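Have the model open while you read.

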Amino acid sequence: FNRSATALLYLNDAGGDASAGGSTSFLSLGVGDEIRITPSAGSLLLFFPSRRGTGAPSPSWRADDRTLHCAYPTDGSWEKWVAQQWIAVGV
């Protein structure tokens, strides 16, 4: 199973209060500091957790470690809800 894309749809938010936690964080995208995405109801985060490599007899997909991510906990004043869809290739 090769996930070529991941879509995260934020179903709710903390009313625009970034200090309420619940952000999605990428640490290793290679652009310097950590990147945090604050949940906003109805917004979609799309990223690509694998990339096409080269190989014989045919190219293969491999994990792209730069897209490792985590979800920070909320401060307890709200409950975070997301819908996730994995988009696969070669299934």
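## Ser-28 and its neighbours

In this predicted model, Ser-28 touches Asp-65 and Arg-66, leaving out residues up to four places away in sequence; a contact here means heavy atoms within 4.5 Å. Ser-28 and Arg-66 sit 38 residues apart along the sequence, yet their C-alpha atoms are 4.8 Å apart in space.

You'll find Ser-28 in the loop between β2 and β3 (35–37). Strands are DSSP E runs of at least two residues, numbered from the N terminus. Ser-28 is partly exposed, at 41% relative accessible area (buried is under 20%, exposed over 50%, partly exposed in between, with a 1.4 Å probe and protein chains only).

A word on the ground rules: residues are numbered from 1 along each chain as its sequence is written. Local features need pLDDT of at least 70, side-chain atom pairs count only at pLDDT 80 or more, and totals for chains, interfaces and linings use all residues, while side-chain values use heavy atoms, with hydrogens and water left out.

## Ser-23

Is Ser-23 buried or exposed? Ser-23 is buried, with a relative accessible area of 7%. Its place is the loop between β1 (2–10) and β2 (24–26).

Not counting residues up to four places away in sequence, Ser-23 touches Arg-36, Ile-37, Thr-38, Pro-39, Cys-70, Ala-71, Tyr-72 and Lys-80.

## The nonpolar core

Which residues make up the largest nonpolar core? Leu-8, Tyr-10, Phe-26, Leu-45 and Phe-47 do, five residues in all. Such a core is a set of buried Ala, Val, Leu, Ile, Met, Phe, Trp, Tyr and Cys residues joined through side-chain atoms within 4.5 Å. β1 and β4 (44–47) are the elements that give two or more residues to this core.

Tyr-10 has contacts beyond its neighbours within four places in sequence, among them Thr-24, Ile-37, Leu-45, Trp-81 and Val-82.

## The sheet

Three strands form an open, antiparallel sheet in the order β4-β1-β8. Its edge strands, β4 and β8 (82–89), each pair on one side only (pairing takes at least two DSSP bridges between two strands). β1 and β4 pair in the antiparallel sense over four bridges, and Ala-7 stands opposite Leu-46 in β4.

The chain averages a pLDDT of 86, and 90% of the residues score at least 70; pLDDT is the predictor's confidence in each residue, from 0 to 100. Among the elements of the chain, β4 has the highest mean pLDDT (95) and strand β5 (residues 50–52) the lowest (77).
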